[in-house]
Amino acid sequence: MSWLWVIIVGLVLGLIARAVIPGKQHIPLWLTIVCGILGSFLGNAVAGWIGVAETRGVDWIRHLLQLIGAIVVVLVADRLWHTIRGDKNKRGSRQRA
């Protein structure tokens with residue numbers, strides 16, 4: 001059940017991150033989920049470093065840091081995806097023409 005929860009949280013964080021970032025991101029859904037999961041881990045690590053990983057009640061600061069981490073990871077992934085996939089498509093169309 002914990003893996004399912006990680007995937008669900010990754011999906012939610014990834015989708016929120018994509019909604020917050022201006023413009024359109026060209027990454028697939030599976031990569032959005034992976035970015036959300038990585039952003040969650042990154043946010044948890046930062047929360048641990050600054051000492052707000054475990055508080056009483058709802059950990060709003062930790063959740064905000066997770067979202068910020070997801071935004072950063074989605075931005076990086078979108079650039080990498082565009083660089084890798086976009087250049088191949090452009091080269092292929094140039095060679096065919």
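How many residues does H2 have, and how far does H2 reach from its first C-alpha to its last? Helix H2 has 22 residues and reaches 31 Å, close to the 32 Å expected at 1.5 Å a residue. The expected span of a helix is 1.5 Å times one less than its number of residues.

Before we go on, a word on the model. This is a predicted model, in which local features need pLDDT of at least 70 and side-chain atom pairs count only at pLDDT 80 or more, while totals for chains, interfaces and linings use all residues. Residues are numbered from 1 along each chain as its sequence is written, and side-chain values use heavy atoms, with hydrogens and water left out.

**The overall picture**

The protein has 3 helices and 0 strands, and along the sequence the pattern reads α-α-α. Helices (H or I, at least four residues) and strands (E, at least two) are DSSP runs, numbered from the N terminus. Of the 97 residues, 32% count as buried; buried means under 20% relative accessible area, exposed over 50%, and partly exposed in between (1.4 Å probe, protein chains only). Among contacts between residues at least 6 apart in sequence, 62% join residues at least 24 apart, where contact means heavy atoms within 4.5 Å.

Helix H1 covers residues 2-20 and reaches 27 Å from its first C-alpha to its last, close to the 27 Å expected. The buried residues of H1 are Gly 10, Leu 13, Gly 14 and Ala 17. They cover an arc of only 105° around the axis, so they sit on the same side of H1; the arc is that of the directions from the helix axis to the C-beta atoms. On the other side of H1, Trp 5 and Ala 19 are exposed.

The axes of H1 and H2 come within 7 Å and cross at roughly 100°. That makes H1 roughly perpendicular to H2, a label for angles of 65 to 115 degrees (under 35 is roughly parallel, over 145 roughly antiparallel, and the rest oblique). Residues making the contact include Gly 10, Leu 13 and Gly 14 of H1 and Thr 32, Ile 33 and Gly 36 of H2. Axes are lines fitted to C-alpha atoms, for helices over the stretch in contact, and angles run from 0 to 180 degrees between N-to-C directions.

Several residues of H2 are buried, among them Thr 32, Ile 33, Gly 36, Gly 43 and Ala 47. After H2 comes Gly 51, whose phi is positive, near 85°.

**A salt bridge and two residue pairs**

Which residue forms a salt bridge with Arg 62? The partner is Asp 59, with the closest N and O atoms 3.0 Å apart. A salt bridge is a side-chain nitrogen of Lys or Arg within 4 Å of a carboxyl oxygen of Asp or Glu. A search of the whole structure finds 1 salt bridge, and both Arg 62 and Asp 59 are buried.

Gly 48 lies in helix H2 and counts as partly exposed at 44% relative accessibility. Arg 85 is found in helix H3 (residues 60-96) and is partly exposed, with a relative accessible area of 46%. The table shows one pairing for each of these residues.

| Pair | Apart in sequence | C-alpha to C-alpha |
|---|---|---|
| Gly 48 and Arg 62 | 14 residues | 8.7 Å |
| Arg 85 and His 26 | 59 residues | 9.8 Å |
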